[in-house]
Amino acid sequence: MAAAAPAVDGIPGRGPPGEVIHLNVGGKRFSTSRQTLTWIPDSFFSSLLSGRISTLKDETGAIFIDRDPTVFAPILNFLRTKELDPRGVHGSSLLHEAQFYGLTPLVRRLQLLEELDRSSCGNVLFNGYLPPPVFPVKRRNRHSLVGPQQAGGRPAPVRRSNTMPPNLGNAGLLGRMLDEKSPPSPSGLPEEPGMVRLVCGHHNWIAVAYTQFLVCYRLKEASGWQLVFSSPRLDWPIERLALTARVLGGALGEHDKMVAAATGSEILLWALQPEGGGSEIGVFHLGVPVEALFFVGNQLIATSHTGRIGVWNAVTKHWQVQEVQPITSYDAAGSFLLLGCNNGSIYYVDVQKFPLRMKDNDLLVSELYRDPAEDGVTALSVYLTPKTSDSGNWIEIAYGTSSGGVRVIVQHPETVGSGPQLFQTFTVHRSPVTKIMLSEKHLISVCADSNHVRTWSVTRFRGMISTQPGSTPLASFKILALESADGHGGCSAGNDIGPYGERDDQQVFIQKVVPSASQLFVRLSSTGQRVCSVRSVDGSPTTAFTVLECEGSRRLGSRPRRYLLTGQANGSLAMWDLTTAMDGLGQAPAGGLTEEELMEQLEQCDLAPLASSRGSLPSPSPRTSLTSLHSAFSNTSLSSRRGSPSPPQAEARRRGGGSFVERCQELVRSGPEPRRPPTPAPRPSSGLGAPLAPPKMKLNETSF
């Protein structure tokens, strides 16, 4: 290659229109006329041929342009014919190159083509949109207190289907002591007071946590979702959120519906009124950082990896703290709370009998089972079979260990005294198991190696797990999720991948590839097959999500519905109908993300080498680094470069303002029009019509 030549020695700006120009684009030669290249004013080519941009020539004298020749071919064809022929080139790549070359008519046409498949009203799965609430006034300081004494019976047992720990598998749950200071933003995005941090739902209620306040919505059959409660503005950022919404007219009166928020070691609890409003029940202290906050019936449970649990009972109005072994996982089924600990033991507490069986201020925490190898129990899932006799349920427990083992233990109701018996063991993971789920038809485990998922089909006889033919391997895939290198260790509570859903139904994973993504992928937890993908209707990044199993209405033929709830960086909340998506299963692509979709997602961030600040979580093998980036997620692999940036495809998402019709009319009227001289890397528009586009962030790979 020759050195860069001055413009006057290259192609003069006053050359004849019919002059032949030879180009070398990325090593491929193209020949065209000066008139073809310069009919669009103020483009890259007009600047290049007028001498405003210096030229670089190859050995034959052709002007060298270091761009992709495959994408350049349809661009040159447009300059020749003014007709668009993509020739198999991805639309986002073509738009990106058109922006680079400053070809305004082509850019507008590609943007309009892109918008044909998009709408501010979402697709057929879009079910609703709740705008950001009003920022509340500050809460007055008050001491811990409890509400008036309530008469009532015990809460009925409730099955919790989504009870995996929010931080399961991160360094804190494996023994790392957490800082008392507030963590960075869960999504890795710049902290914004109006950003949705956490979303949770129960029955027909939703709780949404922002940085310093929370709101609750209730679904009414005729009027839809209504705002019924807004908390005062708190002095600290909310890190954990829990909601319970029992059926109307429950035995505990106003304490049938409660919402709780926690940060650090402090927990704030409110009672919710069905018709609107709420009252503060009290402020409780665990004494150590709260890492999990949830309800079992009407009992509020808080746990910490240090081995301390706290329980508040709605009947006795009593808050009690109990020391156990360091806790690495938990689950709840019926009225039982099970705790997996780092010493290999599984402990249980009968929360329903808690207020009646207190003895010497003790929760009566009992050891249920100890792992044969005494490996830490890092994931836990309990399945209660339908009642087979008057003596109770057959209890099945699946758990994962710090060494990557997966075990299933069972206990017959008539042999409670002898304890559970080991039923099956799988040693298919080489990294700690971070999630596990035992349902009616499947056993699902996830390990710390880039969310590697293994699934088995479960055979049952009369509702009980059977050895004939036993559990058989079903699928192996990955659910890639990246987080900020500077973010809080492990997956944030607002971005838990799942699995979500009732245990007697198909469950799903929710995949968010990068923190600033506005697109989520819903995939079957049993096979990894894609159910659907959803993209925020306002273009803002999705910062929190969950799945809500909503009760059906009282109308004839109505059935329960499943919704995906997505909280956005601008404070809004969107709802998506997963029941309709599940009914149409098979219409989406068979696998997970395609290579193009993965690269489009990864383009929104800068991949950084694996951070060394992952706490004390061991890295069992180099496979936990970015070199293990597999095709996301089908069983085929994608060759990936450690820390290398992906092809620039997602910047094409930037669009100008104006409605679709207005822009179509403008395209029809527009001819060659002046524009500012382009730059080699054009910046996205910052107009009001452009979607929110946070800056790229350095990421490392996480096991969530």
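Me: Why is Asp577 called buried?
Reply: Asp577 has a relative accessible area of 8%. Buried means under 20% relative accessible area, exposed means over 50%, and partly exposed is in between (1.4 Å probe, protein chains only). At 8%, Asp577 therefore counts as buried. Please keep in mind that this is a predicted model, where local features need pLDDT of at least 70, side-chain atom pairs count only at pLDDT 80 or more, and totals for chains, interfaces and linings use all residues. Residues are numbered from 1 along each chain as its sequence is written, and side-chain values use heavy atoms, leaving out hydrogens and water.

Me: What makes Asp577 and Arg561 a salt bridge?
Reply: Their closest N and O atoms are 2.5 Å apart. A salt bridge needs a side-chain nitrogen of Lys or Arg within 4 Å of a carboxyl oxygen of Asp or Glu, so this pair meets the rule. Asp577 belongs to strand β37 (residues 573–577) and Arg561 to strand β36 (residues 561–568), so the bridge ties together parts that are 16 residues apart in sequence. Strands (E, at least two residues) and helices (H or I, at least four) are DSSP runs, numbered from the N terminus. Arg561 has a relative accessibility of 23% and therefore counts as partly exposed.

Me: How many salt bridges does the structure hold?
Reply: There are 14. One of them joins Arg460 to Glu396, with 2.8 Å between the closest N and O atoms. This pair links distant parts of the chain: Arg460 is in strand β28 (residues 460–461) and Glu396 is in strand β22 (residues 395–401), 64 residues apart. Glu396 has 0% relative accessibility, so it counts as buried.

Me: What is the distance between the closest N and O atoms of Asp496 and Lys435?
Reply: These atoms are 2.5 Å apart, and the two residues form a salt bridge. Asp496 is in the loop between β31 (482–484) and β32 (508–511), while Lys435 is in strand β25 (residues 433–438), 61 residues apart. Asp496 is buried at 10% relative accessibility, and Lys435 is buried with a relative accessible area of 1%. The loop between β31 and β32 also holds Pro499. The peptide bond from Gly498 to Pro499 is cis, with omega near 10°.

Me: Why is the pair of Phe336 and Tyr348 called tilted?
Reply: A search of the whole structure finds 20 aromatic pairs. In the pair of Phe336 and Tyr348, the ring centres are 6.0 Å apart and the planes are at 50°. Rings of Phe, Tyr and Trp (its six-membered ring) pair if their centres lie within 6.5 Å; planes under 30 degrees apart count as stacked, over 60 as edge-to-face and the rest as tilted. The value of 50° therefore makes this pair tilted. Phe336 is partly exposed, with a relative accessible area of 30%, and Tyr348 is partly exposed at 28%.

Me: How do you know that Arg67 lies over the face of Phe100?
Reply: Arg67 is 3.7 Å from the ring centre of Phe100. The rule asks for NZ of Lys or CZ of Arg within 6 Å of the ring centre and within 35 degrees of the ring normal. The distance of 3.7 Å is therefore within the limit. Likewise, the charged end of Lys82 sits over the ring of Trp39, 4.5 Å from its centre. Phe100 is also part of an aromatic cluster with Phe30, Phe44, Phe45, Phe72 and Tyr101.

Me: What makes α4 and α5 roughly antiparallel?
Reply: The axes of helix α4 (residues 91–101) and helix α5 (residues 104–115) come within 9 Å and cross at roughly 155°. Axes are lines fitted to C-alpha atoms, for helices over the stretch in contact, with angles from 0 to 180 degrees between N-to-C directions. Angles under 35 degrees count as roughly parallel, over 145 as roughly antiparallel, 65 to 115 as roughly perpendicular and the rest as oblique. α4 and α5 are therefore roughly antiparallel.

Me: Why is α3 called roughly perpendicular to α4?
Reply: Helix α3 (residues 69–81) and α4 pack at an angle of about 70°, with their axes 10 Å apart. That angle makes α3 roughly perpendicular to α4.
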